[in-house]
Amino acid sequence: MPPLSRRQFWAGATAAAVAPTLAPAFTGAAAVPAAAASPVPGFARPPAGARPKIRYWWPCGEITAETVDAELKAIADRGFGAVEIQCFFTSDPKRYGWGSPVLTERLEQAVAAGRAYGVRVDLTVGPAWPLLTPGLTPDSPESAQELVYGRTVLAGGESYDGPVPAGPAPAAGVTRQTLVAVQAFRCAGPADAKPTVLEKDTLVDLTGAVRDGSVSFTAPADGTWLLLGFWQRGTGQIPVVRQSVSAEPAYIVDHFSAAGTRSATDYTDAHVLTPRLRSLLRANGGDVFEDSLELDSAQHWTWGLLTRFEQLCGYSLRPLLPVVFIDRIHRQYTPVGPDDAPDFEFTDGIGARVREDYYRTLTDLYLSEHVEPLKQWAHGLGLRLRAQPYGTTTDVATVGAALDVNETESLGLAPGYADEPFRWISAGSVHLSGQRVYSLEGCATLDEAYAQTWPQMLAHFNTAFAHGVNQIVFHGYSSAERVGETGWPGWSPFTSQGGNGFSEAWGPRQPTWADTDKITDWTARVQHVLRQGRPSVDLVVYRHSYGHDVRVPEGAAGYTYDYAGPDQLAGTTVAGGRLAPDGPGYRALVLDRPPTLPVATARLLLAHARSGLPIVVVGALPDRVPGAHRAGRQDAELARLLQVLVRQPSVRRVYGQDGLAAVLKELGVTPAADAAGLAAVRRTVPSGELYHLHNPTDRTVTADVSLAGTGRPYELDAWTGTIAPLGRYRAGSGRVSVPLSLSPGASTIIALAGRHAPHAVATTGGEVVVGDSGALRLRATAAGTYTVTLDDGTRRRVVVPVVAAAAQPGGWTLSVDDWHRGTDGRLAITRHDLELGALRPWSELPGLADVSGVGTYRTTFHLTGADGAWLDLGRVTDTVEVTVNGTVLPAPDQVTRHLDLADQVREGTNTLTVRVATPLRNRLRVTEGFPAQTAKTRQEYGLLGPVRITPYREVPIAG
């Protein structure tokens, strides 16, 4: 039959998931036979919903219908399952911006085209981030609000008669403000200290004495006094992308009031969501997406905050207003925490408790007035709410648990990717709330556009997968054309920075685009695996914070762990010594020096300990509850409960993290994956266990990895879709030990499922593989006599005949398709042909210094006395495709570039072709209009090697 098109291939994915046919990849490592039950049904061709998403940047409606159709087809053909359309920059906001008829028409066309091509379309909740409503002014009651203060210092006995002290100058356009309170306090120290210490009991409330904006006050004779005026006003924050809206002005909405949220959804209902678009969205499905909370405010506030605070916290915030302010000279864009240096403090030290209650109130308001209304609105459209629940000072985990889909990101971590734990603080809420998907906005970076390589991106993905993520949103695909503007490489949303200086612009403009289906296929298979069954996590680390601060459990190296706070733990149960046994099944809880602990949570932990849950207390016990309500009584009750807790048989205490691992093992809690430094994630399915193992180090890790489980081990190759049983392993005591060797940045998937078959437990050399018939074979790269020990204790002597020596091919020819801007402004390709005595970067080859594109390398090599061979390509930038003797090999691992040539090689002369596609930086360094790229150093492109071919023999292990 003729080969399937890419869309036809994926269209059959759901049916294939029921009864996959997994053709064997190579003769030496048999894939699961078609008649056998697969450890992961549908692995080779995952269902459409497992495919990755990609952010799709539009110049709003300034895009033709033909472009929309062509680009959605291109996205579908490269294996993406959904696009997230972002309206971003237009030269004519009134004609093309959010709410314009043209943009709505294009959205209708996009959703219809997506349905035709099998691609879901996600819409952003508004035209920019943070969320805005066209037509709002800074003074509109639905606009974002802030609290500011003004201060006047008075000496003892000094009188003041004048305007209420005013706050700092407002943002442009803010003309109205509402007086919240006027208060006077005696200072307990210098009035200009940071923090300024106030005597709480000296409060004089002057709010009712204000007349026509003025107040009169005579300070008592003793000490220095502060007269404070507190004002509510609009923040005046404009969107990051103000050129995306069809009406001016447009300001950020109040994210803590239902009115602010409703103003945005009402506008979208009235101006964007036509009956046809609603019908299309409901038929196609997808998400409504809200980006991170980049709220710029002096101090977050909203109408009715004082009332909600008192209802929630049990006391009035009004007399305590000074202590909520932290460094309010500057604007708040990044989160602050209750323990950050405040502007004011009271002599009794209650400030941190009050701030905790203030951030608790903000969290409650954000949930009830923003998240819940948005979720209901999305559900009314037949969509889910996907959002990034961070960026301001709220309880991120609690917010995340309320979403349909929780999303984190990897912004700004290129070219290296640090494992910053705050990015994964929502994993616990995802696992404990039963959410099926944990999403990542991947690939965004600063100043690395047109230079990112896929191994770098895959390192991002693998790190995220190791922390529970199972959906990648690639960031992103830029529409190539804007109406009236052409020219390769095309429009991108950050052209003011010299050509997309903020994030990558993938698509046909990139030479690597033709290989992107290799990446999306791999991603889809991994995501499909990581959505199977339920998460199985070793530890849960207690964390309750309103910022991004995270204490890493350093003494728990090798254990998998989640973070969870009081809201996530509430309602959990323990059975069989496991917390949330029907969910992540944590085998121990770590209480790692939390500064606070609610009484209700302490009672819950005590109940869990009495039910047999191992709990390890690291360092000092928390000495207070969060918040200020009845603090003394609650602190005493907390102390009592903790003393009872630490006496429970399942509870241990250690006074440094270096003792954590030993105590966990004493409690019988060992890592599910004893993985020799590998990052592991585990999913438990009815048939067994699934492990994703990733090497985050800069060295190759070779070790026998011990995995909890009892089934036969299989290795799942996410690059090719094949599933191969392992020929050598050890099983016993509820664990299976498998030999693994992972290169830096590489990953693999191991499944434990079904009954054991005859296998080897040891060999004096070589690799034991399972042949097509299920018989064991020894694969070796050197001649000799080997001893293989089988699982029944018998030993087999295996003689491997002469094997050809490893070799490095030489005498390469190189043809380069040089991508550049032609005289007509569009893409032009020029061919360069070279003869290479040795492999060198293009930047060192004549005529290729500033060339980007596609290079094709050709050479020959000779083999005698071999059944197959390993090919190691060495260094390559960037994506590769390998052809041997005219046959294109299955997708190679784009990280290791290590391939099994298997039965594609033959005795005598063999031909080898390696196609390499590069990023665009080098070409854009010399392309007009890309000044940001001109200053960048050249990248080393091409096949750099050393290329090495290592022949092997395969010999049956006699039974």
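Salt bridges first. A search of the whole structure finds 45 of them. The term means a side-chain nitrogen of Lys or Arg within 4 Å of a carboxyl oxygen of Asp or Glu. This is a predicted model, where local features need pLDDT of at least 70, side-chain atom pairs count only at pLDDT 80 or more, and totals for chains, interfaces and linings use all residues. Residues are numbered from 1 along each chain as its sequence is written, and side-chain values use heavy atoms, with hydrogens and water left out.

Take one pair. R386 and E407 meet through their side chains in a salt bridge, 2.6 Å from N to O. The two link distant parts of the chain, 21 residues apart: R386 is in strand β15 (residues 384–387) and E407 in strand β16. Helices (H or I, at least four residues) and strands (E, at least two) are DSSP runs, numbered from the N terminus.

Are these two buried or exposed? R386 counts as buried at 0% relative accessibility. E407 does too, at 1%. Buried means under 20% relative accessible area, exposed over 50%, partly exposed in between, with a 1.4 Å probe and protein chains only.

Both residues also belong to a network of salt bridges, whose members include K53, D287, R386, E407 and E441.

Next, E345 and R355. Their side chains form a salt bridge at 3.9 Å, N to O. E345 lies in strand β14 (residues 344–346) and R355 in helix α9 (residues 351–380), so the pair ties together parts 10 residues apart in sequence. Both are buried.

Helix α9 also holds E372 and K375, three residues apart, about one turn of the helix. Their side chains meet in a salt bridge of 3.7 Å, N to O. E372 is partly exposed, at 28% relative accessible area. K375 is buried, at 15%.

Now to strand β17, residues 438–442. Why call it largely enclosed by the rest of the structure? Because five of its five residues are buried. Side chains in a regular strand alternate between the two faces of the sheet. In β17 both faces are covered: Y438, L440 and G442 are buried on one side, S439 and E441 on the other.

What pairs with β17? Strand β16 (residues 405–409) runs parallel to β17, joined by four bridges. Strand β18 (residues 471–478) also pairs with β17 in the parallel sense, over four bridges. Pairing requires at least two DSSP bridges between the strands. T408 has L440 of β17 as its bridge partner. G442 stands opposite F474 in β18.
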